[in-house]
Amino acid sequence: LFLLVCRLKSAVSFLTRPDRPKLAYHKLKGRNPGIIFLPGLNSNMNGQKAIALEDFCNSLGHAFIRFDYTGCGSSDGKLEECTIGKWRKDVLSVLDELADGPQILVGSSLGGWLMLHAAIARPDKVAALVGVAVAADHLLTTFKKLPIEAQKEIEEKGEWKFPTKYNEDGYYSLTYDFVREAENHCVLNSPIPITCPIRLIHGMRDGEVPWQVSMQVAERVLSQDVDVILRKTGQHRMSEKEDTKLLVNTVDDLIDKLATLA
């Protein structure tokens, strides 16, 4: 364990941006397509899925990047000032400044929502997508399902305690401004202009983001090369050994597929 901790600590680099907070990242040089991991809400680049993918890319000799959004993990910035728009810009910074050539984006939960935005914004650079429990529009959908009184109270207080079982408090604290700004980034209301291969993995026992969201994404994207993989016993984090294996195998298959397409 000590070695692992050392490895995580020693390997952090920072992407300096003139007008934005510095982003912490870890990059592995290697062949294309490169793989970029996008973590979920209140998560960071040291999660199980990110490390498993890094080890896999290392063994294959493929390029790999994992990073922390602004205000998360080792990156600069304040979490309470963050928005979906700012995090979207983080992903584009990583794509533009750190990644060379075609990339496969692997997005977990909120990262799955952001990966869709990145694919729309950089179609020439994003070669394929893998979503794990994609949370497209999910924060907003959840907010709009609240009773009107509850929505009003959140607006007045300026804070929303978004329920989760992945935090000891039982909620993540989000600002009302965050919710308002997220409205600009909804993708499920109309066709999603993405044409690359897409794989969507979702656990049917996901208590945070219903697996139906992955089905909606599959229906909305223009791409015809879309597979939805449902794991009957899968939870939200999809971090059991078999889940991780499925993720790695899915990425592996896509690498092969892109090689034959090229």
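**Cysteines, overall form and local geometry of the predicted model**

C72 has a relative accessibility of 5% and therefore counts as buried. In this model, which is predicted, the cysteine sulfur closest to that of C72 belongs to C82, and because the two sulfur atoms are 5.9 Å apart, they are too far from each other for a bond; a disulfide would require them to be within 2.5 Å. C186 likewise takes part in no disulfide, the nearest cysteine sulfur being that of C82, at a distance of 19 Å. With a relative accessible area of 25%, C186 is partly exposed, whereas C72 is buried. When the whole structure is searched, the number of disulfides found is 0.

The secondary structure of the protein consists of 9 helices and 10 strands. The radius of gyration is 18 Å, close to the 18 Å that the globule rule gives for 262 residues, so the protein is as compact as a globular protein of that length. Along the principal axes, the C-alpha trace extends over about 55 × 40 × 35 Å. Of the 262 residues, 51% count as buried, and the accessible surface amounts to about 12,600 Å², with 50% of that area belonging to carbon and sulfur atoms. If contacts between residues at least 6 apart in sequence are considered, 71% of them join residues that are at least 24 apart. The charged side chains number 32 positive and 34 negative, and the centres of these two sets are 2 Å apart.

Helix α5, which runs through residues 138-145, illustrates how buried residues are covered: H138, L139, L140 and F143 of this helix are buried. An α-helix has 3.6 residues a turn, so residues three or four places apart point the same way.

S109 lies in the loop that links β5 (103-108) to α4. Although placed in a loop, S109 has a relative accessibility of 11% and therefore counts as buried, since the cut-off for this class is under 20%. Apart from neighbours within four places in sequence, the residues in contact with S109 are G40, V132, A133, V134, A135, V209 and H236.

Three further sites concern the geometry of the backbone. Most residues other than glycine have a negative phi, and most peptide bonds are trans. The peptide bond that joins N32 and P33, however, is cis, with an omega of about -5 degrees, and P33 is part of strand β3, which comprises residues 31-38. N42, which is not a glycine, has a positive phi of about 60 degrees, and it is located in the loop between β3 and α2 (48-60). M238 is not a glycine either, yet its phi is positive, at about 50 degrees; this residue is in the loop between β10 (226-231) and α9 (241-261).

Conventions: Residues are numbered from 1 along each chain as its sequence is written. This is a predicted model: local features need pLDDT of at least 70, side-chain atom pairs count only at pLDDT 80 or more; totals for chains, interfaces and linings use all residues. Side-chain values use heavy atoms; hydrogens and water are left out. Buried means under 20% relative accessible area, exposed over 50%, partly exposed in between (1.4 Å probe, protein chains only). Helices (H or I, at least four residues) and strands (E, at least two) are DSSP runs, numbered from the N terminus. The radius of gyration is taken over C-alpha atoms; the globule rule is 2.2 Å times the number of residues to the power 0.38. Contact means heavy atoms within 4.5 Å. Accessible areas come from the Shrake-Rupley method with a 1.4 Å probe; for residues, only the protein chains shown count as cover. Lys and Arg count as positive and Asp and Glu as negative; His and the chain ends are not counted. The place of a charge is taken as NZ of Lys, CZ of Arg, CG of Asp or CD of Glu.
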